[in-house]
Protein chains: 2
Amino acid sequence: MTRDPIILTTYDWVPDFPRGHVRDIRIRWLLEEIDRPYRIETVPLQKKTPEHLARQPFHQVPMIRDGELSLFESGAILLYLAEGTDLMPGGDDRMRTIQWLIAALNSVEFYSAAWLVGKFFHKNEQSAAEFGKIAQDKLAHLQDVLKGRDWLVAGRFTVADLLMADILRLPAQHGLLDGLPDLRAYHDRALSRPAFQKALADQIAHFRAADAAMAQASA
Amino acid sequence: MTRDPIILTTYDWVPDFPRGHVRDIRIRWLLEEIDRPYRIETVPLQKKTPEHLARQPFHQVPMIRDGELSLFESGAILLYLAEGTDLMPGGDDRMRTIQWLIAALNSVEFYSAAWLVGKFFHKNEQSAAEFGKIAQDKLAHLQDVLKGRDWLVAGRFTVADLLMADILRLPAQHGLLDGLPDLRAYHDRALSRPAFQKALADQIAHFRAADAAMAQASA
């Protein structure tokens with residue numbers, strides 16, 4: 001069976017600070033893990049278009065297209081692409097994997113992202129401190145889960161670990177994993193995978209190429 | 001085929017203000033929609049136990065038990081219980097339903113809950129205003145999606161609508177849907193369903209019975 005490549009849509013360009021963290025990274029990482037070919041398409045960040053809005057009602061990225069099916073929301077895209085691969089266990093562990101994928105978004109990223117938005121977008125230190133405190137409590141609970149085990153479900157790396165580890169990257173970079181050595185080790189274990197390293201390099205290269213194209217266009 | 005009832009675990013008691021909004025409401029609503037019998041068990045809110053933590057690593061509710069399988073995280077429980085029922089369409093609409101369920105958590109509730117936490121828990125008006133502004137932008141985008149259609153996917157009420165409508169309740173009660181009549185109509189359409197009304201009455205009755213038991217114990 002030959003399948004058309006997945007079309008993964010991200011922004012044409014972003015400023016330096018989110019590079020490496022635009023959420024197409026999650027999809028690139030999974031596609032590398034399952035060795036599935038894909039092609040990048042882009043939508044403009046600065047002059048958002050009606051075509052973009054028609055496919056992504058909140059005007060964000062990533063989106064994918066697989067034949068006739070267009071999907072947005074990184075968590076849903078991960079579930080879709082993981083189905084039927086080694087990243088999604090069977091039996092009851094399938095539901096436990098989905099549970100942990102949603103917990104990564106809803107019980108961990110909710111607080112860590114609110115902390116980040118408060119700190120770096122609203123530059124509201126009080127708000128950042130309030131959400132940061134809850135985030136650290138959640139991260140400590142998560143470390144307890146990971147004591148004495150390498151991965152969240154089924155004794156192996158699943159799509160839930162992929163999403164959780166990506167979510168831990170910014171907290172790790174800003175000190176929220178200090179004092180949580182087992183969680184830090186989990187983060188490092190996941191991110192040392194060659195598929196993540198490839199995905200990260202590819203996202204960085206994508207936005208660097210956009211810089212070069214822009215420089216040339218204005219020369 | 002006879003199946004054992006689902007065991008749905010919630011708190012033994014909560015103060016007045018979250019009553020009607022404890023997240024077991026989502027699971028009760030779905031179980032009423034699919035006419036599946038269930039039994040309530042409780043964990044203590046005020047003296048949280050190691051047994052609770054062993055099943056729910058972030059010390060929250062709801063959890064369910066179905067035979068051998070124990071699950072937490074309301075979004076995951078909804079996906080599990082909806083599978084194979086009218087609330088989960090087939091074909092490509094299955095993935096679109098999962099997409100919207102995750103969007104409800106991640107692109108709508110993320111901002112509305114950050115606004116709520118800022119306003120009512122941290123009593124930080126600036127933080128609430130900042131997150132409230134983003135929440136209103138997301139809600140306006142959501143209204144655009146719902147213009148000229150009753151439900152999010154497949155032309156019928158699905159588990160994605162159930163979760164989205166529950167997420168809209170607190171924003172609606174606090175004025176964030178003012179000026180968004182189509183979204184308000186969607187909210188009203190979903191919440192007028194008898195299954196929601198029954199679930200709400202049952203949650204309120206559960207916590208009232210706890211008040212009565214407490215009063216008797218101290219009489």
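Start in helix α7 of chain A, where A:Asp188 and A:Arg184 sit four residues apart, about one turn of the helix. Helices (H or I, at least four residues) and strands (E, at least two) are DSSP runs, numbered from the N terminus. Show both side chains: A:Asp188 and A:Arg184 form a salt bridge, with the closest N and O atoms 3.3 Å apart. The term stands for a side-chain nitrogen of Lys or Arg within 4 Å of a carboxyl oxygen of Asp or Glu.

Colour the pair by accessibility. A:Asp188 is partly exposed at 35% relative accessibility, and A:Arg184 is partly exposed at 34%. The classes are buried (under 20% relative accessible area), exposed (over 50%) and partly exposed in between, with a 1.4 Å probe and protein chains only.

A note on what is on screen. This is a predicted model, in which local features need pLDDT of at least 70 and side-chain atom pairs count only at pLDDT 80 or more, while totals for chains, interfaces and linings use all residues. Residues are numbered from 1 along each chain as its sequence is written, chains are lettered from A and ligands numbered from 1 in the order in which they are written, and side-chain values use heavy atoms, with hydrogens and water left out.

**Stop two: A:Arg189**

Stay in α7 and select A:Arg189 with A:Asp150. Their salt bridge has its closest N and O atoms 3.8 Å apart. This pair links distant parts of the chain, 39 residues apart: A:Asp150 is in the loop between α5 (125-146) and α6 (159-173), and A:Arg189 is in helix α7 (residues 181-191). A:Asp150 is partly exposed, at 44%. A:Arg189 is also partly exposed, at 26%.

**Stop three: A:Glu83**

Move to the loop between α3 (74-82) and α4 (92-121) of chain A, which holds A:Glu83. The side chain of A:Glu83 meets that of A:Arg94 in a salt bridge, 3.0 Å from N to O. A:Arg94 belongs to helix α4, eleven residues away, and the pair links distant parts of the chain. How accessible is A:Glu83? A:Glu83 has a relative accessible area of 38%, partly exposed. A:Arg94 counts as partly exposed too, at 21%.

Over all chains, the count comes to 38 salt bridges.

**Stop four: the interface**

Now show chain B. The contact (heavy atoms within 4.5 Å) takes 47 residues from chain A and 46 residues from chain B. Together the two chains bury about 4000 Å², 65% of it on carbon and sulfur atoms. Buried area is the accessible area (1.4 Å probe) that two parts lose on being put together, summed over both. Select A:Phe58, A:Met95 and A:Gln99: in chain A these lose the most area to chain B, together 16% of what that side buries.

How many salt bridges lie between chain A and chain B? The count is zero.

Next, highlight β4 (69-72), α3, α4 and α5 of chain A, the elements that give two or more residues to the side touching chain B. Of these, α4(A) gives the most, with 21 residues. The side of chain A that touches chain B divides into 26 nonpolar, 13 polar and eight charged residues.

**Last stop: the symmetry**

Superpose chain A on chain B. A rotation of 180° with 0.0 Å of shift along its axis does it, at RMSD 0.0 Å. The two copies are thus related as by a two-fold rotation axis. The same surface serves both copies, since 98% of the contact residues of chain A recur in chain B.

Technical notes. Nonpolar A, V, L, I, M, F, W, Y, C, P; charged D, E, K, R; others polar. Least-squares fit on C-alpha atoms with pLDDT ≥ 70 in both.
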